[in-house]
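Here is a short tour of a protein model, with a look at its confidence, its charged pairs and its sheets. Please keep the structure open beside you as you read.

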Amino acid sequence: MVHCGCALFRKYGNFIDNLRLFTKGGSGGMGYPRLGGEGGKGGDVWVVAHKTMTLKQLKNKYPQKRFVAGGGTNSRINALKGSKGKDCEIPVPVGISVTDENGKIIGELNKEEDRLKVAEGGLGGKLLTNFLPLKGQKRVIHLDLKLIADVALVGFPNAGKSSLLSQISHAKPEIASYAFTTLKPELGKVMYDDFKQISVADLPGLIEGAHMNKGMGHKFLKHIERTNQLLFVVDISGFQLSSRTKYRSAFETIILLTKELELYKEELQMKPALLAVNKMDLPNAPEKFHELMSQLQNPKAFLHLFEKNMIPDRTMEFQHIIPISAITGEGIEKLKNCIRKSLDEHASQENEAYHKKQLLNLRISDTVSYSEPLIPERM
């Protein structure tokens with residue numbers, strides 16, 4: 001059994017999740033026509049992933065947001081081949097998607113020290129270019145942060161996500177009894193006794209219609225695309241955004257959350273998911289939980305209660321359903337252990353799938369090399 005010890009937390013004030021930068025490769029160096037000397041190539045501009053970096057730090061460190069690589073050196077009598085210009089490296093967080101000005105994806109950086117060339121240096125002067133150097137590539141790029149955490153808390157406003165985050169990670173998010181307390185992502189880190197760390201993100205509250213970018217819809221949904229696991233958090237007593245909106249039971253809340261994920265991007269429903277049923281300290285909570293479990297065990301029997309456009313094509317299958325109280329601490333240790341267990345199982349499955357793929361590729365390449373038709377010798 002894994003028990004949680006102390007937890008680390010970093011609060012992202014003025015959170016930035018996208019940034020526009022100007023990049024330019026270095027110009028090439030001059031060639032030396034009389035002796036056939038070649039100028040050095042201009043330096044390249046690279047985007048490099050660092051675990052400790054944030055887009056806010058990048059913006060603060062480089063307020064001009066201009067990144068230009070060094071020029072190649074000219075060809076000289078004592079150095080006919082000019083040396084390459086100095087490369088320029090832009091430090092970015094892990095989990096960055098890089099696009100050009102037209103929205104075309106240049107590439108992604110998903111792990112520490114991933115590198116991506118975004119602007120090419122110009123060729124040095126040589127015979128091919130009449131010994132004249134070429135200018136470096138100019139490119140405006142957009143950095144879009146999608147990878148936030150191992151686990152994303154998914155729930156409607158006021159479901160108790162902020163309270164839960166403070167319980168499982170000792171984070172100190174703002175907590176209040178009104179909707180939309182969380183306007184920017186709050187990140188907490190749960191540290192286990194074996195020093196394993198799991199990052200958990202409480203993202204701005206989802207509402208009905210988020211897939212159409214209502215509320216903070218797309219901003220929220222974009223962020224959970226590249227979290228490894230979803231943790232649904234629902235209020236056992238249900239949810240009502242305001243007096244003008246319809247009351248939703250805990251079961252309806254789960255169905256509506258699932259539909260929002262599906263309408264934004266169906267792949268989100270394929271992620272491993274857990275369900276934390278919060279506020280079990282409220283009166284009649286055990287009876288309501290019993291009713292919810294019956295509904296979740298046979299969801300199709302209750303879907304007639306919904307309008308057709310609210311019913312998801314497939315209902316979520318939760319690996320664990322844990323009744324909790326973020327106020328009293330009930331079920332919190334069990335939830336931490338379930339999160340850890342689920343992430344470990346998912347990582348193990350991914351490793352197994354990767355090794356199977358490698359083995360299959362090896363077999364295919366062997367089959368191809370052995371089954372090439374023999375060319376008959378000429379008589």
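A salt bridge is a side-chain nitrogen of Lys or Arg within 4 Å of a carboxyl oxygen of Asp or Glu. With that in mind, find K41, D44, K84, D87, K117 and E120, which are linked in a network of salt bridges. This is a predicted model, in which local features need pLDDT of at least 70, side-chain atom pairs count only at pLDDT 80 or more, and totals for chains, interfaces and linings use all residues. Residues are numbered from 1 along each chain as its sequence is written, and side-chain values use heavy atoms, with hydrogens and water left out.

**Confidence**

- The mean pLDDT (the predictor's confidence in each residue, from 0 to 100) is 82 for the protein, and 82% of the residues score at least 70.
- Among the elements (helices, H or I, of at least four residues and strands, E, of at least two, taken as DSSP runs and numbered from the N terminus), strand β4 (residues 66-68) has the highest mean pLDDT, 98, while strand β1 (residues 4-10) has the lowest, 35.
- Residues 1-13 stay under 50 in pLDDT, and the model gives them 39 contacts (heavy atoms within 4.5 Å) beyond four places in sequence.
- Residues 210-217 also have a pLDDT below 50, with 17 contacts in the model beyond near neighbours in sequence.

**Salt bridges**

- Side chains of opposite charge can pair when their charged atoms come close.
- The structure holds 15 salt bridges.
- One of the links involves D87 and K84, whose side chains meet at 2.5 Å, N to O.
- R115 and E89 form a salt bridge at 2.8 Å, N to O.
- This pair links distant parts of the chain, with R115 in strand β8 (residues 115-119) and E89 in strand β5 (residues 88-92), 26 residues apart.
- R115 is partly exposed at 41%, and E89 is partly exposed at 43%.
- In the salt bridge between R340 and D194, the closest N and O atoms are 2.8 Å apart.
- Here R340 belongs to helix α6 (residues 332-370) and D194 to the loop between β11 (186-192) and β12 (197-202), with 146 residues separating them.
- Is each partner buried or exposed, or in between? R340 is buried, with a relative accessible area of 10%, whereas D194 is partly exposed at 45%.

**Sheets**

- Strands of a sheet pair through backbone hydrogen bonds, either parallel or antiparallel.
- Strand β2 (residues 18-24) runs parallel to β4 and is joined to β4 by 3 bridges; T23 has F67 in β4 as its bridge partner.
- Another open sheet has 3 strands in the order β5-β3-β8, again with mixed pairing.
- β5 and β8 stand at its edges with a single partner strand each, so one side of each lacks a neighbour in the sheet.
- Strand β3 (residues 45-49) pairs with β5 in the parallel sense over 5 bridges, and the bridge partner of V48 in β5 is P91.

Notes:
Buried means under 20% relative accessible area, exposed over 50%, partly exposed in between (1.4 Å probe, protein chains only). Two strands pair if DSSP finds at least two bridges between them.
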